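Open the model in your viewer and keep the selection panel at hand. The tour goes from one selection to the next.

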Amino acid sequence: MPIAESAETLLLALAGTTRFLLETLSVGTVLVGLLACANQLPRPWRRRAQPGLPLAGVRLRFGAWLSLALEFQLGADIVATTTTPSGQHLIQLGVVAVIRTFLNLFLARELEAETRLERQKAPPAQGPSGEP
(Lines give C-alpha, C1' and ligand atoms only; values in the text may rest on other atoms or scores of the structure.)
Protein backbone atom coordinates (compact mmCIF):
# COMPACT_ATOMS: atom_id res chain seq x y z
CA MET A 1 0.00 0.00 0.00
CA PRO A 2 2.65 2.58 -0.83
CA ILE A 3 0.10 4.69 -2.74
CA ALA A 4 -2.18 4.93 0.31
CA GLU A 5 0.74 5.84 2.56
CA SER A 6 2.00 8.50 0.18
CA ALA A 7 -1.52 9.91 -0.19
CA GLU A 8 -1.87 10.02 3.61
CA THR A 9 1.53 11.69 3.93
CA LEU A 10 0.51 14.24 1.29
CA LEU A 11 -2.79 14.87 3.06
CA LEU A 12 -1.05 15.38 6.41
CA ALA A 13 1.44 17.79 4.83
CA LEU A 14 -1.37 19.70 3.12
CA ALA A 15 -3.36 19.84 6.37
CA GLY A 16 -0.30 21.07 8.28
CA THR A 17 0.34 23.79 5.73
CA THR A 18 -3.33 24.79 5.70
CA ARG A 19 -3.42 24.96 9.48
CA PHE A 20 -0.28 27.10 9.55
CA LEU A 21 -1.74 29.48 6.95
CA LEU A 22 -5.02 29.77 8.84
CA GLU A 23 -3.24 30.46 12.13
CA THR A 24 -1.06 33.04 10.38
CA LEU A 25 -4.18 34.69 8.96
CA SER A 26 -5.70 34.70 12.43
CA VAL A 27 -2.73 36.53 13.96
CA GLY A 28 -2.51 38.85 10.95
CA THR A 29 -6.19 39.70 11.24
CA VAL A 30 -5.79 40.74 14.87
CA LEU A 31 -2.80 42.89 13.91
CA VAL A 32 -4.64 44.53 11.00
CA GLY A 33 -7.66 45.14 13.25
CA LEU A 34 -5.42 46.72 15.86
CA LEU A 35 -3.83 49.03 13.31
CA ALA A 36 -7.19 49.89 11.73
CA CYS A 37 -8.71 50.77 15.09
CA ALA A 38 -5.68 52.54 16.58
CA ASN A 39 -6.27 55.54 14.31
CA GLN A 40 -9.80 55.91 15.68
CA LEU A 41 -8.81 56.01 19.34
CA PRO A 42 -9.38 59.36 21.02
CA ARG A 43 -6.20 61.30 21.53
CA PRO A 44 -5.58 63.11 24.82
CA TRP A 45 -5.01 66.46 23.10
CA ARG A 46 -8.21 66.25 21.02
CA ARG A 47 -11.65 66.30 22.58
CA ARG A 48 -14.38 64.34 20.94
CA ALA A 49 -17.46 66.36 20.10
CA GLN A 50 -19.73 63.32 20.24
CA PRO A 51 -21.49 62.59 23.51
CA GLY A 52 -21.61 59.08 24.92
CA LEU A 53 -18.95 56.46 25.03
CA PRO A 54 -16.14 57.53 22.69
CA LEU A 55 -14.67 54.04 22.55
CA ALA A 56 -17.89 52.18 21.70
CA GLY A 57 -17.33 52.38 17.95
CA VAL A 58 -13.69 51.36 18.24
CA ARG A 59 -14.61 48.43 20.48
CA LEU A 60 -17.22 47.24 18.00
CA ARG A 61 -14.86 47.50 15.05
CA PHE A 62 -12.08 45.69 16.87
CA GLY A 63 -14.57 43.06 18.02
CA ALA A 64 -15.46 42.43 14.39
CA TRP A 65 -11.77 41.92 13.57
CA LEU A 66 -11.43 39.54 16.53
CA SER A 67 -14.46 37.62 15.36
CA LEU A 68 -12.89 37.19 11.93
CA ALA A 69 -9.63 36.05 13.54
CA LEU A 70 -11.55 33.49 15.56
CA GLU A 71 -13.12 32.20 12.34
CA PHE A 72 -9.64 31.56 10.95
CA GLN A 73 -8.59 29.94 14.23
CA LEU A 74 -11.66 27.73 14.18
CA GLY A 75 -10.79 26.67 10.64
CA ALA A 76 -7.26 25.81 11.73
CA ASP A 77 -8.59 23.76 14.63
CA ILE A 78 -11.03 21.93 12.36
CA VAL A 79 -8.17 20.98 10.04
CA ALA A 80 -6.05 19.81 12.97
CA THR A 81 -8.92 17.80 14.44
CA THR A 82 -9.68 16.20 11.08
CA THR A 83 -6.17 14.91 10.61
CA THR A 84 -5.31 14.08 14.23
CA PRO A 85 -8.51 13.79 16.25
CA SER A 86 -7.04 13.80 19.74
CA GLY A 87 -8.92 14.73 22.87
CA GLN A 88 -6.87 17.91 23.22
CA HIS A 89 -7.75 19.01 19.67
CA LEU A 90 -11.44 18.30 20.24
CA ILE A 91 -11.44 20.34 23.45
CA GLN A 92 -9.58 23.19 21.75
CA LEU A 93 -12.04 23.11 18.85
CA GLY A 94 -14.99 23.21 21.24
CA VAL A 95 -13.55 26.09 23.26
CA VAL A 96 -12.82 28.20 20.17
CA ALA A 97 -16.29 27.46 18.77
CA VAL A 98 -17.96 28.52 22.04
CA ILE A 99 -15.87 31.71 22.32
CA ARG A 100 -16.56 32.61 18.70
CA THR A 101 -20.28 32.00 19.11
CA PHE A 102 -20.55 34.16 22.23
CA LEU A 103 -18.37 36.89 20.74
CA ASN A 104 -20.50 37.00 17.59
CA LEU A 105 -23.70 37.01 19.64
CA PHE A 106 -22.63 39.91 21.87
CA LEU A 107 -21.04 41.79 18.97
CA ALA A 108 -24.27 41.54 16.99
CA ARG A 109 -26.23 42.87 19.98
CA GLU A 110 -23.85 45.77 20.47
CA LEU A 111 -23.88 46.62 16.76
CA GLU A 112 -27.66 46.65 16.83
CA ALA A 113 -27.72 48.90 19.90
CA GLU A 114 -25.08 51.22 18.41
CA THR A 115 -27.02 51.45 15.14
CA ARG A 116 -30.19 52.27 17.07
CA LEU A 117 -28.37 55.04 18.96
CA GLU A 118 -26.94 56.47 15.75
CA ARG A 119 -30.40 56.56 14.18
CA GLN A 120 -31.78 58.38 17.22
CA LYS A 121 -28.98 60.98 17.12
CA ALA A 122 -29.25 61.59 13.36
CA PRO A 123 -31.37 64.57 12.26
CA PRO A 124 -34.56 63.67 10.37
CA ALA A 125 -34.09 63.32 6.63
CA GLN A 126 -35.46 66.22 4.56
CA GLY A 127 -37.56 65.71 1.49
CA PRO A 128 -37.05 67.52 -1.85
CA SER A 129 -39.06 70.56 -0.68
CA GLY A 130 -36.88 70.92 2.42
CA GLU A 131 -39.49 69.45 4.78
CA PRO A 132 -38.87 66.36 6.91
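One cut-off comes up at several stops: a residue under 20% relative accessible area is buried, one over 50% is exposed, and anything in between is partly exposed. Keep in mind that this is a predicted model.

Start with E110. Its relative accessible area is 32%, so E110 is partly exposed.

Next, select R100 and E71. Their side chains form a salt bridge, again with 3.0 Å from N to O. R100 belongs to helix α3 and E71 to helix α2, so parts 29 residues apart in sequence are tied together. E71 has 35% relative accessibility and counts as partly exposed.

Move to R116 and E112. The closest N and O atoms of this salt bridge are 3.2 Å apart. Both residues lie in helix α3, four residues apart, which means about one helical turn between them. R116 is partly exposed at 44%. The model has four salt bridges by this count.

Now pick V98, F102, L105 and F106. They form a nonpolar surface patch with about 370 Å² of accessible area together. F106 lies in helix α3, residues 87-121.

Finish with helices α1 (residues 2-38) and α2 (residues 56-83). Their axes are 9 Å apart, at an angle of about 170 degrees. That makes α1 roughly antiparallel to α2. Their contact has 19 nonpolar, seven polar and four charged residues.

Technical notes. Residues are numbered from 1 along each chain as its sequence is written. This is a predicted model: local features need pLDDT of at least 70, side-chain atom pairs count only at pLDDT 80 or more; totals for chains, interfaces and linings use all residues. Side-chain values use heavy atoms; hydrogens and water are left out. Axes are lines fitted to C-alpha atoms, for helices over the stretch in contact, and angles run from 0 to 180 degrees between N-to-C directions. Helices (H or I, at least four residues) and strands (E, at least two) are DSSP runs, numbered from the N terminus. Angles under 35 degrees count as roughly parallel, over 145 as roughly antiparallel, 65 to 115 as roughly perpendicular and the rest as oblique. Ala, Val, Leu, Ile, Met, Phe, Trp, Tyr, Cys and Pro count as nonpolar, Asp, Glu, Lys and Arg as charged, and the others, Gly among them, as polar. Patches are made of residues with over 30% relative accessible area and no salt bridge: like charges are joined within 9 Å, nonpolar side chains (Val, Leu, Ile, Met, Phe, Trp, Tyr) within 5 Å. Accessible areas come from the Shrake-Rupley method with a 1.4 Å probe; for residues, only the protein chains shown count as cover. Buried means under 20% relative accessible area, exposed over 50%, partly exposed in between (1.4 Å probe, protein chains only).
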